[in-house]
Every structure is written in C-alpha cells, then in structure tokens.
Amino acid sequence: MRSSALLRATSLAFAFLLAGSATAFAGTAAWLLNDAAMVAGPGAAYKSVGHGAAGALVSVERCTKGFCQIDFEGKTGWVMRPDLSFGLEARGPVTGSHFDMKSGNGTVCLYTGADFTGDYLCRDSGFVVTDLARTGLDNLFRSATVAGDASVLLCRDFNFTSYCETLTKDTPRLNRFLYGNVSSLHVY
C-alpha cells in the first residue's frame, strides 16, 4: 500500500534530520501587519531590541504560543504572533477573498510530487488533521486531486493557522506558500 511506503520514507527523512544535517534554516517569509516592538525573548517582559515597520517582509525563525522570533533588517527579536501575516501580502486573518467550498461526498488525494506524482494520501469528506507533524506527514505534499463534491482546506501551519487555501479542483502544483509546506488539512 502506498500510504505505508510514504510513512517509511517519512520515518527515514525524520531520522536523517535527527542525526543532524549541516544545512542552515532560512526561516519562513511573513509580513508585519503593524509597527511592532521587537523584544529579546518570547514575552512582553523582555527588553526592547528594536521595532519592525508595518508592511515589512520579515523572516520568521520560530514561534511559541503567542510570539515569533523574526529577523528584520539585520536584527533578531520577538514580536507578538497577531502582528504577523503569512499570506501572499500583508493582510489580517479575516480579510481577503472568501470562497464557496464544495462540501459533500468526495475524495481528496495529496501527492508528494508535483503533477500528481510520488506517494499519496487519499481521504474522504470529513477527514481532519490539525497537525500533520504528529502523523509524520508534515511538509510533504506538493499537488492535489479533488474528486466528487469535495474540497480541501490546506494550511501552512498546525491548527489551520498562517497561510491557508481552499482547493475545489485538481491542482498540479500547490501555491508557493503551501508547496511542501502543508501542516493541517480538512477535507469537506
């Protein structure tokens, strides 16, 4: 079964990462929604290390529950998570287009390669995973097929946060923010 082959490949990749690769982590692109105070640690009690300007593109190194560590103009500091947007542009979480989702009886298949290639995971309407890291399938998918009266919500981070997109048709190459970066999904 291809799902078990995917799990074996994921386990091997995870073991390689635990062994320690020498590659540097480049961070994730995000936008500052507001002028944001940068502090030395993940909390308001830490001392100020600078400010980030609204609309600026920053690199996010990691996040805790309420704060994210960013690099902005050569400075590293922590900003409040609600001050960041991980979308295509600097927009708040409830702005932008809202799409009519198909919701019913159908199947969505996610593929590890572009153009519906590689290992795949197929699930029917009603399937939800809030954190693909717990399944060993985090950040693997690059294309998707949608069959029947289904749609799928794909998000870059766990618990449907950061950049999200709803697919209602076959997509041979996921958006650049989701390509190899899907961490949560809901099949409708």
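In the predicted model, Leu154 lies opposite Glu165 of strand E13. The strand that faces E13 in this part of the chain is E12, which spans residues 152-157 and pairs with E13 in the antiparallel sense through five bridges. Both strands belong to an open sheet of four strands, arranged in the order E10-E14-E12-E13 with antiparallel pairing. Because strand E10 (128-129) and strand E13 (161-167) each have a single partner strand, they form the edges of the sheet, and one side of each is left without a neighbour there. In general, the strands of a sheet pair through backbone hydrogen bonds, in either a parallel or an antiparallel manner.

Considered as a whole, the chain contains 14 strands and one helix. Of its 188 residues, 36% are buried, and the accessible surface of the chain amounts to about 10,600 Å², with carbon and sulfur atoms contributing 56% of that area. Among the contacts between residues at least 6 apart in sequence, 65% join residues that are at least 24 apart.

A further local feature concerns strand E4, which covers residues 57-63 and includes Ser59. The relative accessibility of Ser59 is 17%, and this residue therefore counts as buried, the cut-off being under 20% relative accessible area.

How values were computed: Residues are numbered from 1 along each chain as its sequence is written. This is a predicted model: local features need pLDDT of at least 70, side-chain atom pairs count only at pLDDT 80 or more; totals for chains, interfaces and linings use all residues. Side-chain values use heavy atoms; hydrogens and water are left out. Two strands pair if DSSP finds at least two bridges between them. Helices (H or I, at least four residues) and strands (E, at least two) are DSSP runs, numbered from the N terminus. Buried means under 20% relative accessible area, exposed over 50%, partly exposed in between (1.4 Å probe, protein chains only). Contact means heavy atoms within 4.5 Å. Accessible areas come from the Shrake-Rupley method with a 1.4 Å probe; for residues, only the protein chains shown count as cover.
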